[in-house]
Amino acid sequence: MAQNVETTDIFIGAFFLSQGGSLSGIRIKDTVKGIAAFQIEGENLERLGSEYGAGKALVNPLRLRESLNHLRDVLFEFREKGARYDRKSENRSRKARR
C-alpha cells in the first residue's frame, strides 16, 4: 500500500527516493528559517524509515547520490521560482522540452 510522508531531512528524503519512492511535493515549512519539507510517496516508507533510523538500512550508494542531487536540484529550482513544486507540472514541462 502506498504511503505518504513529509520530511525536512534531505538525506532521509533521498533515501526514500533511492528505494523507489517519488517526490510528490515541496513546501516551505518555516518561512522565517527557510526550511523546506519534502513530500514523498511510495511503498513501505514506514518500514524504510525505521530501518534508516536504526542504522540498518542498506542502499545502493550511486542511487542515493543521484536521489540527493535530484532533491537539491528541485529544491534550488523551487526556491528560485518561489512557487509550489507539483510533480504534475514538472512532468508537463518535461514533455514540452522533448
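User: What is alanine 14 in contact with, leaving aside its neighbours within four places in sequence?
Analyst: Alanine 14 touches Leu64, Ser67, Leu68 and Leu71 when those neighbours are left aside; contact means heavy atoms within 4.5 Å. You're looking at a predicted model, where local features need pLDDT of at least 70, side-chain atom pairs count only at pLDDT 80 or more, and totals for chains, interfaces and linings use all residues. Residues are numbered from 1 along each chain as its sequence is written, and side-chain values use heavy atoms, with hydrogens and water left out.

User: Why does alanine 14 count as buried?
Analyst: Buried means under 20% relative accessible area, exposed means over 50%, and partly exposed is in between (1.4 Å probe, protein chains only). Alanine 14 has 1% relative accessibility, so it counts as buried. This residue sits in helix 1, and its C-alpha atom is 9.8 Å from that of phenylalanine 38, 24 residues away along the chain.

User: What makes helix 1 "mostly covered"?
Analyst: Eight of its nine residues are buried. They are Ile10, Ile12, Gly13, Ala14, Phe15, Phe16, Leu17 and Ser18. Their cover includes strand 1 (2-7), strand 2, strand 3, helix 2 and helix 3.

User: How many helices and strands does the chain have?
Analyst: Four helices and four strands. Starting at the N terminus, the order is β-α-β-β-α-α-β-α.

User: What is the handedness of the crossing of helix 1 and helix 2?
Analyst: The crossing is right-handed.

User: Which residues of helix 1 and helix 2 meet?
Analyst: Phe11, Ile12, Phe15 and Phe16 from helix 1 meet Leu45, Leu48, Gly49 and Tyr52 from helix 2. Sorted by class, this contact has seven nonpolar, one polar and no charged residues. Ala, Val, Leu, Ile, Met, Phe, Trp, Tyr, Cys and Pro count as nonpolar, Asp, Glu, Lys and Arg as charged, and the others, Gly among them, as polar.

User: How do the axes of helix 1 and helix 3 cross?
Analyst: They come within 8 Å and cross at roughly 120°, with helix 3 at residues 61-81. Helix 1 and helix 3 are therefore oblique to each other. This crossing is right-handed. On the helix 1 side, Ile10, Phe11, Gly13, Ala14, Phe15, Leu17 and Ser18 meet Arg63, Leu64, Ser67, Leu68, His70, Leu71 and Arg72 of helix 3. That contact has eight nonpolar, four polar and two charged residues.

User: Is arginine 63 buried, exposed or in between?
Analyst: Its relative accessible area is 43%, so arginine 63 is partly exposed. Arginine 63 belongs to helix 3 and touches Ser18 and Gly20, not counting residues up to four places away in sequence. Arginine 63 and glycine 20 are 43 residues apart in sequence and 9.9 Å apart in space, C-alpha to C-alpha.

User: What makes asparagine 44 partly exposed?
Analyst: A relative accessible area of 39% makes asparagine 44 partly exposed. Asparagine 44 is in the loop between strand 3 (35-43) and helix 2, and has a positive phi of about 60° although it is not a glycine.

User: How much of the chain do buried residues make up?
Analyst: Buried residues make up 30% of the 98 residues in the chain.

Conventions:
A crossing is left-handed if the near helix is turned anticlockwise from the far one by less than a right angle, and right-handed if clockwise. Helices (H or I, at least four residues) and strands (E, at least two) are DSSP runs, numbered from the N terminus. Axes are lines fitted to C-alpha atoms, for helices over the stretch in contact, and angles run from 0 to 180 degrees between N-to-C directions. Angles under 35 degrees count as roughly parallel, over 145 as roughly antiparallel, 65 to 115 as roughly perpendicular and the rest as oblique.
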